[in-house]
Amino acid sequence: MTDKPYVLDASALLAAFFNEPGADHVAERMSGALLSAANHAEVVAKLVDRGTPREQILEIMGQLDVEVVPVDQAQATTAGLLRDSTRSAGLSLGDRLCLALAISRDAVALTTDRVWADLELGATVEVAR
């Protein structure tokens, strides 16, 4: 682990929720982590897709010990600029906003998406395994 804060990608949070590979790794880093509002929306949408009732989603998301960070202009610009260097790896807007938040806060982006480790992104990336 590191002294830097962690920024959770939606994939990391979902792995923890559904006990997927890397869940323990994520759980150890989740308390006090940062979560982009865009990734928050992605997680909520995935819970909806899995048929989780609205009230349960609100309860789950409300109990997280994470700081949900609004997307600001600087993060949006950084995410847009990351498009060129991440296009070949297929990173989504949410992925790039997670990275932009990590860059802006000098934090570690935590994901389960192994392709992030192979990219030069200007952010420290940790892949939960």
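A: Helices (H or I, at least four residues) and strands (E, at least two) are DSSP runs, numbered from the N terminus. The model is predicted, so local features need pLDDT of at least 70, side-chain atom pairs count only at pLDDT 80 or more, and totals for chains, interfaces and linings use all residues. Residues are numbered from 1 along each chain as its sequence is written, and side-chain values use heavy atoms, with hydrogens and water left out.

Asp 106 lies in the loop that joins α7 (93–105) to β4 (108–111). Its phi is positive, about 50°, although Asp 106 is not a glycine. Most residues other than glycine have a negative phi. Asp 106 is partly exposed, with a relative accessible area of 49%; buried means under 20%, exposed over 50%, and partly exposed in between (1.4 Å probe, protein chains only).

Asn 19 also has a positive phi, near 50°, without being glycine. Asn 19 sits between α1 (10–17) and α2 (23–30), in the loop there. At 62% relative accessibility, Asn 19 counts as exposed.

Of the 129 residues of the protein chain, 41% count as buried.
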